[in-house]
Amino acid sequence: YNLEGAYWPQAEGWLGPRDECSWYGIACNDQNEIVRIVLVDDLLNGTFPVEIIELEKLEHLDLHNNNIGGPPPAALANLTHLKYLDMSGNALVGDLPENLYNLTLLEHLNLADNNLGGIILPELGHLKSLKFLDLSANTFTGHCPAKYLYNLTLLEHLGVAENNLEGTISSELGLFESLTKLYMAENDFNGTLPTELGQLTLLESLHLHGNRLESNIPTELGQLTALRELYLDNNRLVGPIPSELGELIKLEYLDLFDNFLTGDIPDTLSGLQEIMGIDIHNNTIKDEMPLFLFDFAKLEDLILYDNDFSGRIPPEIGNATALVRLLLNNNMLNGVIPDEIDELKNLEELDLESNQFNDQIPDMLANLEKLRVFFIRYNFITGEMPSSFCSLRSPNGSLEELWADCEEVVCDCCTKCL
């Protein structure tokens, strides 16, 4: 309660006449010993309450999303019954206590989103009961912790994203066969993507974006048939998109943008029937628009700008009725804007800038009643912006931004002209 308890939004019973087992956020066992403390988003403010160390039977401590600062005390290791520790979203500083390995029953350790630093202790590899480990959004340094955590065979969640880790991604990651979530994004990892990642057949989320990885995408990733999220964007990956990714039949999000990928979009990706988002912008993909891209019933985001796509937008685009964002700018697409685009009733953003489209803007665009953004500059469009489409710029309309080449297209309703 010395963590400014008077200001906690939830503090029922604290320091009242009834015993502490009845206080808000406290649970006890049959012997009236405190075994659980949960005070989340409760404006706790101050340094880590060392009094907690006296609660020898404590099994569950969850104080996330408060403002608890200072270093985590070494005496934490005295809580040998602890199974669950969540101090994420606080203001902890300093290094991890070296004696944390005493917490041999610990299954869940979440210290993400603090100001902790130093190296990720090899001693964490002694916590063989761990199923969840998240140290993301701190300032840890050193190399890939998989080299000394591979004994954690029960680990299902490993998060070390948004730190200052460097070096190569260790092949030992392939030993974590229970992993379902792997978050290593926004560090300074370099070198190749290990093929051993393909051994993580239970993996559902793989986040490696925002590093300096510089290899081909391993074909072995096609073995991750439970995968729902694959984020490899903002690296230095080269070569083609592997056709084996078409085996990821549960995949919902595929982000490969800001790399140096070449070739085309393999036809095997037509098997991604659960896909909701595809983003491969800023690569050197050279292809015509694959028709299967418009057969995905759940696809909301199709982001292909800054590539070398050519040819026409096919009329089959009208099948992609779930689309919310369609960004095709800075390619070499040509021909007319197909009337069938008016079937995209959920479309909010449409960017066709810097291509080679010609003819006029179709009246059918007025049927896109949810459209907020339409960019059509740097093409060969002529004529007049349809008045029916301009009506979407009315006070009751949805259209917020409309950019066109006003010297070629008469546009009284545009928000920006070339």
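In what order do the three strands of the open sheet stand?

1. The order is E19-E21-E23, and the pairing is parallel, where strands are DSSP runs (E, at least two residues) numbered from the N terminus and two strands pair if DSSP finds at least two bridges between them. Strand E19 (238-240) and strand E23 (284-285) are the edge strands, each pairing on one side only. Strand E21 (residues 260-263) pairs with E23 over two bridges in the parallel sense, and Thr262 stands opposite Thr284 in E23.

2. This is a predicted model, in which local features need pLDDT of at least 70 and side-chain atom pairs count only at pLDDT 80 or more, while totals for chains, interfaces and linings use all residues. Residues are numbered from 1 along each chain as its sequence is written, and side-chain values use heavy atoms, with hydrogens and water left out.

3. A search of the whole structure finds five aromatic pairs (rings of Phe, Tyr and Trp, the last by its six-membered ring, with centres within 6.5 Å; planes under 30 degrees apart are stacked, over 60 edge-to-face, the rest tilted). The rings of Phe292 and Phe296 are edge-to-face, because their centres lie 6.1 Å apart with the planes at 75°. Phe292 is buried at a relative accessible area of 11% (buried means under 20%, exposed over 50%, partly exposed in between, with a 1.4 Å probe and protein chains only).

4. Phe375 and Trp403 are stacked, because their ring centres are 4.0 Å apart and their planes at 20°. Phe375 lies in strand E30 (residues 373-375) and Trp403 in strand E33 (residues 401-404), so the pair ties together parts that are 28 residues apart in sequence. Both Phe375 and Trp403 are buried.

Note on methods. Helix = DSSP H or I, 4+ residues; strand = E, 2+ residues; numbered from the N terminus.
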